[in-house]
Amino acid sequence: MEKRGASNIEFILAFMLFAGFLVTILYLYNPTKNLSAMESSRDYVINQIINNASVELDSYSIVITETATGNIQINIEGIDPTKNVGAVDYYGKPMIAIRSGDNICLARSAENFATLYFSEDLDEIMGSCSSPSSISYRIASSITSEVISEKRILLLNNSYYSNYPLLKEQLGIPESVEFSFSLEFPDVETINAERAKPLRGEVFSETKLREVLRKDGSSKFGYLTVQIW
Amino acid sequence: MVNKKGIIRIIEASIAILIILVVILTISLTRRAATERDLSETITPLLEEIAKNNSMRDEIITHPENANESIMAFLATRIKEREPNIGYNVRVCEIADVCSLESYPSDVGGNIYVGSRLISSSLIGGAESKRVAIFLWVRG
């Protein structure tokens, strides 16, 4: 019996098997994609986000050396006039502080320690701090550092959803690279800027723990995560 | 006699698939050269956060023997919950002491990274100084 036809079918089947395999491999795994370039892009994107969301923060630790209660006036010279003031007590709880030139009125009851923060990203506090007394105090320490501003992260988050291509352009991110980011405060909340990721392909992720100046004037550590694909 | 040419083609295709698979896997593995993650970058902000937390500062200065437990609980929220494959430990020592691990961890999969920082005073504890050392490693 003639089997030539069957042989041809087997040949075609073999070809289809081979071609199908090649297509599947190329679909799932792109050999032309440069992993080190993607890792560099990931580092670049997270640094760009940090640079764009960072702000200078001056911190002064104030120790009140008298046992008296009531509002107190603190004088700190040389602070940039464009910076607003924020204050927290010893355990990080926000306090009311109002700046007038070099004088800061700190609303307190009996706390004998406060940290004053000065930054352009702090909102002017609405509240009363009347009749501050000249209770003696000393500045225990001062430091100026660059921290991530929650306000700026929220602005980036808004731009991410309102005009993603423009944000990419502003951050200098190549068109071929897509990204998402999040800022997570442990046990509190997360600011997410996310979009759909591809079903196939790899996603490169990087997380950094950074000090964040919060909207309420306090400072907290949070995880900034960037994903690119 | 049955013509075996088709069967031979299928066997050839299967062998070709195997060869290509081996080549792709080899390339894939060499491209992902095993590079151990540098955990020292993780330690610095953790120490910074501890130093800025006045409750922990007080405990480190006033009750260093209990501070280990508090810092371990803090590290659990920062490391264990996020990266369970990372092992960690902490020691609170006097400044002059060699602040090393009491025993070598059994689950170390590479290097052990350590970073330390002085906690020099607290409002409640006064001007006492202690050294806090954090140890991190990838579990093997």
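Hi everyone, let's start with chain A: its secondary structure comes to four helices and eleven strands. A quick word of caution before I go on, as this is a predicted model.

Now the domains. Chain A is divided into domain 1, which takes in 33-53 + 150-228, and domain 2, which covers 56-145. If you look at the C-alpha centres of these two domains of chain A, they lie 32 Å apart. How many residues are in contact between them? Seven residues of domain 1 of chain A are in contact with ten residues of domain 2 of chain A. On the domain 1 side of that contact in chain A, the classes are one nonpolar, three polar and three charged residues.

Let me zoom in on some strands in chain A, with β5(A), residues 103-107, as our guide. Strand β2 of chain A, residues 72-75, runs antiparallel to β5(A), and four bridges join the two. Within that pairing, A:Gln73 stands opposite A:Cys105. Strand β4 of chain A, residues 94-100, is also antiparallel to β5(A), this time with five bridges. Here A:Ile98 has A:Cys105 as its bridge partner. So please keep an eye on A:Cys105 in β5(A): it faces A:Gln73, and it is bridged with A:Ile98. While you are there, have a look at the hairpin of β4(A) and β5(A). There are two residues between the strands, and A:Gly101 takes a positive phi near 65°.

Over to chain B, then. Chain B has four helices and three strands, and from the N terminus on the order is α-α-α-α-β-β-β. Chain B has a radius of gyration of 26 Å, well over the 14 Å that the globule rule gives for 140 residues, so chain B too is more spread out than a compact globule. The box filled by the C-alpha atoms of chain B is roughly 100 × 25 × 20 Å along the principal axes.

In which order do the strands of chain B sit in their sheet? The order is β1-β3-β2 (chain B), in an open sheet with antiparallel pairing. β1 (86-93) and β2 (108-119) of chain B are at the edges with a single partner strand each, so one side of each has no neighbour in the sheet. From one strand to the next, the twist averages 15°. β2(B) pairs with β3(B), residues 130-139, over nine bridges, and in that pairing B:Leu118 has B:Arg131 as its bridge partner.

What lies across this sheet? Helix α4(B) lies across β1 and β3 of chain B, at about 155° to β1(B).

And α4(B), residues 64-80, has a helix partner as well: α3(B), residues 54-62, packs with it at about 150°, with the axes 6 Å apart. The crossing of α3(B) and α4(B) is left-handed. On the α3(B) side, the contact is made by B:Met56, B:Glu59 and B:Ile60, while α4(B) brings in residues including B:Pro64, B:Ile71 and B:Phe74. By class, the contact of α3(B) with α4(B) has six nonpolar, two polar and one charged residue.

Key:
Residues are numbered from 1 along each chain as its sequence is written. Chains are lettered from A and ligands numbered from 1 in the order in which they are written. This is a predicted model: local features need pLDDT of at least 70, side-chain atom pairs count only at pLDDT 80 or more; totals for chains, interfaces and linings use all residues. Domain bounds come from an automatic or database domain assignment. Two residues are in contact if their C-beta atoms, placed from the backbone, lie within 7 Å. Ala, Val, Leu, Ile, Met, Phe, Trp, Tyr, Cys and Pro count as nonpolar, Asp, Glu, Lys and Arg as charged, and the others, Gly among them, as polar. Axes are lines fitted to C-alpha atoms, for helices over the stretch in contact, and angles run from 0 to 180 degrees between N-to-C directions. A crossing is left-handed if the near helix is turned anticlockwise from the far one by less than a right angle, and right-handed if clockwise. Two strands pair if DSSP finds at least two bridges between them. The radius of gyration is taken over C-alpha atoms; the globule rule is 2.2 Å times the number of residues to the power 0.38.
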